[in-house]
Amino acid sequence: MELQRKWHVGLLMVVAFLALSACSEDTADIKKQDTAEQQTEIDHSSMNHSSSGEVPETLKNAENPMYPVGSTAVITDEHMEGMKGAEATIVGSYDTTAYMISYEPTTGGKRVENHKWVIHEELLNPGSAPLTPETEVKTDASHMKGMVNATVRIDEALQTTVYMIDYVSTTNGDVVTNHKWVTEDELTKNE
């Protein structure tokens with residue numbers, strides 16, 4: 001009877017050990033998943049939040065923008081963390097075609113899908129605007145690492161007023177200057 005009891009205790013210890021081992025593997029999988037999610041967020045941080053403020057020579061100032069230069073508005077979209085809800089000061093307003101694009105970075109790495117926004121004037125030899133979805137063209141925009149000279153696929157075209165803005169990130173307090181671009185639909189009036 002004593003031998004059988006020791007055998008049961010031994011078996012229970014083996015089962016418990018296996019169960020604990022499985023838990024630690026699940027924890028490792030969760031840590032790997034968390035790391036992958038952080039890397040996805042890091043990919044967004046390769047975006048140049050600020051810019052020099054230079055614009056293409058052919059870009060035309062908006063004649064009657066909803067948000068004139070010097071005015072403020074609230075950002076309603078979150079191209080990157082810290083944008084949504086931030087107060088934007090309008091630095092420039094331009095009438096153009098804005099494109100949502102997807103591309104393979106020229107520096108390697110994960111494909112960028114549905115990047116907002118590149119404007120028609122930042123495309124190399126694009127022809128007439130607007131370009132149709134699925135059109136492929138090169139860009140000289142430098143909003144993100146690996147974007148310059150990348151072949152981009154047009155996902156969506158939008159005839160609109162785009163704005164260059166200054167804002168303070170709602171998540172880390174960083175001051176962002178001359179950010180390119182937000183569309184008129186991504187701003188709302190201060191209340």
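Me: Is R111 buried, partly exposed or exposed?
Reply: This is a predicted model, so the answer is a computed one. R111 has a relative accessible area of 28%. Buried means under 20%, and exposed means over 50%. The value falls in between, so R111 is partly exposed.

Me: Which side chain meets R111 in a salt bridge?
Reply: Side chains of opposite charge can pair when their charged atoms come close. Here the N to O distance is 3.4 Å. The partner of R111 is E104.

Me: How many residues apart are E113 and R153?
Reply: E113 forms a salt bridge with R153, with the closest N and O atoms 3.6 Å apart. The pair links distant parts of the chain. E113 sits in strand β4, and R153 sits in strand β7. They are 40 residues apart.

Me: Which residues are linked in a network of salt bridges?
Reply: R111 pairs with E104. E113 pairs with R153. The network holds both pairs and D155. Its members are E104, R111, E113, R153 and D155.

Me: What is the N to O distance between D77 and K116?
Reply: Their side chains meet in a salt bridge. D77 lies in the loop between β2 and β3, while K116 lies in strand β4. The N to O distance is 3.0 Å.

Me: Is T139 buried or exposed?
Reply: T139 is found in strand β6. T139 touches residues including V118, L123 and V148. Its relative accessible area is 0%, so T139 is buried.

Conventions. Residues numbered from 1 in each chain as written. Predicted model: local features only at pLDDT ≥ 70, side-chain atom pairs only at ≥ 80, totals over all residues. Heavy atoms only, no water. Helix = DSSP H or I, 4+ residues; strand = E, 2+ residues; numbered from the N terminus. Buried < 20%, exposed > 50% of the residue type's maximum accessible area, 1.4 Å probe, protein only. Contact = heavy atoms within 4.5 Å. Salt bridge = Lys/Arg side-chain N within 4 Å of Asp/Glu carboxyl O. Lists of a residue's contacts leave out its neighbours within four places in sequence.
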